Amino acid sequence: MTQTLYHHDVSEKIKEHITDKTKYIMSIPGYLGSLHYIELENIILIEGESTPYDARITSPGHVQILFENVRNAIGVYPVKYKENALKLCQELTPAYHKTRSNIIESALHNPNLIVHTIGAIMSASRIEYSKGEFWMYKEAFTPGIWNLIEQLDDEKNKVISHYYGIPSEYIEECKYRNEVDLNQDAKQVFEMYAATGGPKGPEDINSRYIYEDVPKGLVLLEGLAKIANIPTPLATSLIEVSSFLLSKNFRNYNQKELNRFINSISNNNIFNKLVG
């Protein structure tokens with residue numbers, strides 16, 4: 001479990017310790033981080049889309065748990081081992097409740113793909129002006145910004161559907177993770193999380209909300225969409241704006257890894273195991 005920016009480097013270290021007794025490798029959070037191990041034979045890959053706990057390091061050796069998820073989902077490759085993998089994850093924490101259709105569905109249901117990117121990019125001036133006193137979940141998601149959430153959600157769900165996954169709105173997935181009573185109104189659940197559980201920050205526009213979730217999330221979404229000939233005007237616009245905002249080419253930032261993932265998915269043998 002580490003930032004997706006470091007999945008490749010961590011995977012290379014993990015591979016040094018793989019033995020014939022290794023049965024599972026789990027990557028949290030996702031963005032298809034599990035595909036770093038795709039060449040390993042006879043190992044079941046688990047794609048975690050969100051951490052079971054929201055937490056922040058408060059000082060060396062000390063972590064504050066801000067929120068514990070009620071439920072989490074996983075993706076599994078090959079898909080025929082979904083139930084076995086779920087049983088294993090439930091031994092780690094009872095928060096693991098269900099499996100997705102495949103790891104692409106899990107990768108794109110990472111909530112940070114939607115809220116971190118839009119929340120940080122569209123609040124750039126407020127983040128810089130506030131000098132550390134910005135609470136994204138409380139401040140950023142006004143009615144106009146929520147229109148962007150819904151549009152990006154729509155682009156995400158079209159791509160999920162193309163890859164034989166089950167589309168679902170961000171707001172419904174938020175309720176699934178955070179609320180015991182699923183009869184509650186999803187928007188009210190989000191607002192309650194924002195008021196009581198949402199962490200402070202980001203303190204700087206040069207934060208993982210952009211430099212991680214744009215190249216690892218939005219660029220991945222755009223790349224998968226291009227294969228499927230699905231337009232993603234908002235995702236593409238957010239990539240462009242964030243690249244200008246931080247003076248970085250976020251497509252080049254992730255291009256080598258993205259090409260590797262896409263080549264893996266384009267392999268018929270892998271794709272059949274991926275979607276079942």
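I began with Ile65, which lies in strand β4 (helices, H or I with at least four residues, and strands, E with at least two, are DSSP runs numbered from the N terminus). I am working with a predicted model, in which local features need pLDDT of at least 70 and side-chain atom pairs count only at pLDDT 80 or more, while totals for chains, interfaces and linings use all residues. Residues are numbered from 1 along each chain as its sequence is written, and side-chain values use heavy atoms, with hydrogens and water left out.

**Surface patch**

I found that Ile65 belongs, with Tyr53, Ile57 and Val63, to a nonpolar patch on the surface that has about 430 Å² of accessible area together. I noted that β3 (53–59) and β4 (62–68) are the elements that give two or more residues to this patch. Such a patch takes residues with over 30% relative accessible area and no salt bridge, nonpolar side chains (Val, Leu, Ile, Met, Phe, Trp, Tyr) being joined within 5 Å and like charges within 9 Å; the areas come from the Shrake-Rupley method with a 1.4 Å probe, and for residues only the protein chains shown count as cover.

**Salt bridges**

I then looked up salt bridges (a side-chain nitrogen of Lys or Arg within 4 Å of a carboxyl oxygen of Asp or Glu), and the structure holds 14 of them. One joins the side chains of Lys216 and Glu257 at 2.4 Å, N to O. Lys216 lies in helix α11 (residues 214–227) and Glu257 in helix α13 (residues 250–266), so this pair ties together parts that are 41 residues apart in sequence. Both Lys216 and Glu257 are buried (buried means under 20% relative accessible area, exposed over 50%, and partly exposed in between, with a 1.4 Å probe and protein chains only).

I also saw that the side chains of Asp154 and Lys158 meet in a salt bridge of 3.3 Å, N to O. Both lie in helix α7 (residues 143–162), four residues apart, about one turn of the helix. Asp154 counts as partly exposed because its relative accessibility is 34%, and Lys158 is partly exposed with a relative accessible area of 47%.

**Cysteines**

I looked for disulfides (pairs of cysteine sulfur atoms within 2.5 Å), and the structure holds zero. Cys89 counts as buried because its relative accessibility is 0%, and Cys174, at 1%, counts as buried too.
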